[in-house]
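Here is a short briefing on a predicted model.

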Amino acid sequence: MILEAQEVSIKIGGKTLLRGIDLSIKEGEFWTIAGCNGAGKSTLIRALSGDLHPTQGKIMLKNRWLTELPSLEMAQMRAVLTQHNNVNFSFKVRDLITLGLMPHGIPEEAASDKIAEIIVECGLEELQDRSFESLSGGEQQRAHLARVLLQVSFSKGDPLLLLDEPTSALDIAQQHRMLQLLSSRVMNGLTVIAIIHDLNLAAQYADHILFLKNGETVAQGRKQQMMCSSIIEKTYGQPVSVWTHPTVGCPYILAEPCPYHHEKVKANGHRHGSTKPLNTMSQPWAINKNNPTEA
Amino acid sequence: MKVANQQKTHLIKDLSIGYKAGIFGGLLLFLVILASQMGVLQVSFEEMGLAMSKSIGWHSEELTARERAWLNIRLPRIALALLVGTALACSGAGMQAIFRNPLVEPGLVGVSAGAALFAAVALVFLQEMSLFNDHFINYYILPVAAFLGGLLATWLIYKLGKGQSIALFILAGVAVNAACGALIGLVVFHADDTALRSFTFWNLGDLSGASWGALTLITPLILISAGYLYRQHRAYDALAMGDRQAFHLGVDVEKVRKRSIFFVALAVGSAVAIAGAIGFIGLVVPHLVRLVFGPSHRYLILFSALLGSSLLLLADTYSRTAVQPGELPVGIVTAMLGAPFFIYLIKRMKSKAFL
């Protein structure tokens, strides 16, 4: 067990952000945390990374209590990418990536092969001498990913990576490129816990999913069990249908218009004087819903 | 003209770190030689060599008055300029790192304002009570009072501003600086002409108080502080990404911040105690170094020391020689150099933001 949470609750200023989260993550698993905005995903990542102490419950990293680990030792065991990362002063991309060596006390020269490898893997060859602030949002995100990958590749023992929305600013090609990179590392023993909003990305690359709602676990487990319409609807209040990806074979989620959207369509329809009955608008999806594909 | 200028800065930028260091080191050496020769007392190389060999004991002859003046007034003054420049510039770089703000200067932690307040109180009230003679107050009580005031104000700001956000700390700094300013005003209002004149000079910064005795007191304090700031260069690099990322890279953020503030207060407190409040060095020098060496704090703190001492030495040499036989307070010179440069920096930032 690389990371274990027991009955973790977090209260800040009288508001309960997390309630009774149990989690046990084994080496080499790729976990996704999903849930609607404000469900407590980032709070959970912060708690698991030792940044926020639980008001109740305990978290263990490699059989040691997180509260008793000094920050340097923690940094040698795991890397964390937070959600918002602006960098002051115009550091070069390469300097930023090299910061990943800091907790391990390895000089840059000794790790130059590894640095070059990661720069290529993240597609940053041409950007490495640019200043970080001159990059686009997605490029900045990849630079930070490269940094945490470097940090984790020198970890003592089994490496662990915690990522808060690592793909939110990436285009579709880069999303898949980065997640493929992560899952190839997972094959080699890396453990990943990532917040990913796009359920289809999660379904394609993760092997375990935890659904959060209002700070509580809705469901958690292997993705084959988690990717069913009832759990997703319960989490988000959004009707979905689950299909099978035609080529990859993993679960694939399609959203359906929910009642709220119907109201909007109706209002718009009346305003434009449309006489089209509302029912026909949702007809195509209604047909799909009668084709259960979850089997 | 403009294009040529840009090419020039790129030329320096593209040089390897060793060459850059050589250029800056050479500049400092040149300034030290220049400063030791120029001034009311003009000294040739032979005289300098003779005076030094006499003082070590190679020559058995007595030192002449000129040589003694050079050894005991000029040389400690140069050493003080180097030390104070180092203290202010390194502290500035460290402060900008821990507050992740390029506009912060060492004075923000309140050390200058606190020192000025205590110095004003010491000058005005002690002179009035005339328990001690003026010389004793100026050379012994004033530095000690300034040092204590600086540390006290820093401690107060730290206690007030301790918490999650940097904004809180900066606000506490503003509040304590304002309170000190008001109290200084009150003391100055109460002061007589002589005290007022002494205080004004002290407040503008003045390196003429240099003596070997004062130097032996502050040298270790400043060097230890600068050494601590240099040793934390990796932590400062990590802090550029924010407290949380620095924590995840293994930096004990609260500890580093607290100790950095302590050592900045120690270094700047020592500098202010002997040399008075000298502005702009701590603010401007780190920016200049960043332009040439980039933002990495390993080079930033090292070369801030080099460039800070060069700049202050240059300013002090100018202030000694410009209005002979009188002397300009060096704070006026640094401000006159620093303010236009700062305006240039602001304009540069503006144009960069729209690129």
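B:Arg244 and A:Asp51 join their side chains in a salt bridge, at 2.7 Å from N to O. Across the interface of chain B and chain A, the rule finds one salt bridge. Helix H4 (65-98), helix H10 (233-239) and helix H11 (243-248) of chain B each supply at least two residues of the side that touches chain A.

**Interface of chain B and chain A**
- On chain B, 24 residues are in contact with 28 residues of chain A.
- The two chains bury about 2200 Å² between them. Carbon and sulfur atoms carry 62% of that area.
- Seven residue pairs are in polar contact across this interface, both partners at pLDDT 80 or more.

**Nonpolar cores**
- The largest nonpolar core has 172 residues. A:Leu161 and A:Ile193 have the most contacts inside it.
- Beyond its neighbours within four places in sequence, A:Ile193 is in contact with residues including A:Leu3, A:Ile25, A:Trp31, A:Ile33 and A:Ile45. A:Leu48 also belongs to that list, as do A:Leu160, A:Leu161, A:Leu162 and A:Leu163.
- Another core, of 15 residues, lies apart from the largest one. Among its members are A:Leu199, A:Met227, A:Ile231 and A:Val240.

**Cysteines**
- How many disulfides does the structure hold over all chains? The count is zero.
- A:Cys250 counts as buried because its relative accessible area is 7%, under the 20% cut-off.
- B:Cys180 is buried too, with a relative accessible area of 8%.

Notes
Residues are numbered from 1 along each chain as its sequence is written. Chains are lettered from A and ligands numbered from 1 in the order in which they are written. This is a predicted model: local features need pLDDT of at least 70, side-chain atom pairs count only at pLDDT 80 or more; totals for chains, interfaces and linings use all residues. Side-chain values use heavy atoms; hydrogens and water are left out. A nonpolar core is a set of buried Ala, Val, Leu, Ile, Met, Phe, Trp, Tyr and Cys residues joined through side-chain atoms within 4.5 Å. Buried means under 20% relative accessible area, exposed over 50%, partly exposed in between (1.4 Å probe, protein chains only). Contact means heavy atoms within 4.5 Å. A disulfide is a pair of cysteine sulfur atoms within 2.5 Å. Buried area is the accessible area (1.4 Å probe) that two parts lose on being put together, summed over both. A salt bridge is a side-chain nitrogen of Lys or Arg within 4 Å of a carboxyl oxygen of Asp or Glu. A polar contact is a pair of N or O atoms within 3.5 Å; within protein, one must be able to donate a hydrogen and the other to accept it, and residues adjacent in sequence count only if both atoms are side-chain atoms. Helices (H or I, at least four residues) and strands (E, at least two) are DSSP runs, numbered from the N terminus.
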